[in-house]
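Subject: Structure for you to look at

Hi,

Here is the structure I promised to pass on. Please open it alongside this note.

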Amino acid sequence: MENETHSPESIINNNLTGRDLEEFNRIHFGRRNNLEIKLKESSIAAAKEADFDVAAYAFPAKDEQTRPPRIVKVGIVQHSIAVPTDRPVNEQKKAIFNKVKKIIDVAGQEGVNIICFQELWNMPFAFCTREKQPWCEFAESAEDGPTTTFLRELAIKYAMVIVSSILERDEKHSDILWNTAVVISDTGNVIGKHRKNHIPRVGDFNESNYYMEGNTGHPVFATRYGKIAVNICFGRHHVLNWMMFGQNGAEIVFNPSATIAGEGGSEYMWNVEARNAAITNCYFTAAINRVGYEEFPNEFTSADGKPAHKDLGLFYGSSYFCGPDGVRCPGLSRTRDGLLIAAVDLNLNRQIKDRRCYYMTQRLDMYVNSLSKVLELDYKPQVVHENEKQF
């Protein structure tokens, strides 16, 4: 990945200084100073030894007279796979565990309260291939599979809530597969799970060959540190999906993803969608993406007439946090593993709701009525033509 740009932020920092840099930060990020948090020397050293980036930023709220601050440390992790995809399934999974444990250990020593990984973090994103074997063998129980068992010990050790996106094998319902986010409490118990609501059928993303749309609705998980939700990958393109997590009371919504750069990719949208969701729903968002190229043993096509290939393209990382006021922090690298930490004051959510009145001024009654009409078989769009009476 030597020829890949490290990050958009690196381009700016290499070319702007002084007032120009402050003005860029103000206009792009929402504040002149990104409020970077000083990390422990031991964390920096551990990250260097394990070859991943680590950064931390603060998202403060104004002091209130009736409520103390509700500061929570949140972490997100992006990483590449650890061994080639032609290695045995258990070897691939174990290698990723070993890599990610080092990142979790740094998050633990930095006092992170809640951490979330990228989509299907414990395996290669093999759903482009349309092959059933060996990729279905990565599937496991959400409640007591090897990944959840591995993370439970770390959740207890660091009193950390962990959000883990896995390929779930539903053993109670005919062994079918789901794309599932498992929420593990700081006590080590599984609080619950959410299954991906929106399944892409775009280009190489042939995920409906493996699992279909989820059946868990829009759950919000009440953890010791706050109310969290998980909008899995393709759900970020659906505005109502984000909205329903807010209606159910989410304070932080994670978006674990696997999305690529290139002609058919989403990189130009990446910095917009989770940020828009934070603004319109008055909650914190965390956008998390994979890193690197993942080459598979057999070629596959995109049904676009172009040559067959063995990889999807670059998973461009660039994970970031955004506050309910639309202020965001610099993202992680496009090319390197990384841990991004945010110290967020959850009081900011209500402060922004009070200031901007989005929830007060929304018209759910009108939308419900309009949407019910859209679903009717004889629906006629509300289009007004010239010389036609509107009422």
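Below is what I found, from the whole chain down to two residues.

One caution: this is a predicted model.

**The whole chain**

The protein chain has 10 helices and 16 strands. Its radius of gyration is 21 Å. The globule rule gives 21 Å for 391 residues, so the chain is as compact as a globular protein of that length. Along the principal axes, the C-alpha atoms fill a box of roughly 70 × 55 × 45 Å.

How much of the chain is buried? Of the 391 residues, 51% count as buried. The exposed surface comes to about 18800 Å². Carbon and sulfur atoms supply 51% of that surface.

Take the contacts between residues at least 6 apart: 70% of them join residues at least 24 apart.

Charges next. The chain carries 45 positive and 50 negative charges. Their mean positions lie 5 Å apart.

**Leu35**

Leu35 sits in the loop between helix 2 (18-28) and helix 3 (41-50). Is this residue buried, partly exposed or exposed? Leu35 has a relative accessible area of 31%. Buried means under 20% and exposed means over 50%, so Leu35 is partly exposed.

What does Leu35 touch, leaving out residues up to four places away in sequence? The list is Ala56, Tyr57, Ala58 and Pro60. Look at Tyr57 in particular. Tyr57 is 22 residues from Leu35 along the chain, yet their C-alpha atoms are separated by 5.5 Å.

**Ser302**

Ser302 is also in a loop, this one between strand 13 (291-292) and strand 14 (315-316). The relative accessibility of Ser302 is 14%. The cut-off for buried is under 20%, so Ser302 counts as buried.

Which residues does Ser302 touch, again not counting those up to four places away in sequence? They are Gly203, Asp204 and His309. Two of these contacts deserve a look at the side chains:

- Ser302 and Asp204: their side chains are joined by a polar contact of 2.4 Å.
- Ser302 and His309: a polar contact of 3.3 Å joins their side chains.

**In short**

Leu35 is a partly exposed loop residue that touches Tyr57, among others. Ser302 is a buried loop residue with side-chain polar contacts to Asp204 and His309.

Over to you.

Best wishes

Note on methods: Residues are numbered from 1 along each chain as its sequence is written. This is a predicted model: local features need pLDDT of at least 70, side-chain atom pairs count only at pLDDT 80 or more; totals for chains, interfaces and linings use all residues. Side-chain values use heavy atoms; hydrogens and water are left out. Helices (H or I, at least four residues) and strands (E, at least two) are DSSP runs, numbered from the N terminus. The radius of gyration is taken over C-alpha atoms; the globule rule is 2.2 Å times the number of residues to the power 0.38. Buried means under 20% relative accessible area, exposed over 50%, partly exposed in between (1.4 Å probe, protein chains only). Contact means heavy atoms within 4.5 Å. Accessible areas come from the Shrake-Rupley method with a 1.4 Å probe; for residues, only the protein chains shown count as cover. Lys and Arg count as positive and Asp and Glu as negative; His and the chain ends are not counted. The place of a charge is taken as NZ of Lys, CZ of Arg, CG of Asp or CD of Glu. A polar contact is a pair of N or O atoms within 3.5 Å; within protein, one must be able to donate a hydrogen and the other to accept it, and residues adjacent in sequence count only if both atoms are side-chain atoms.
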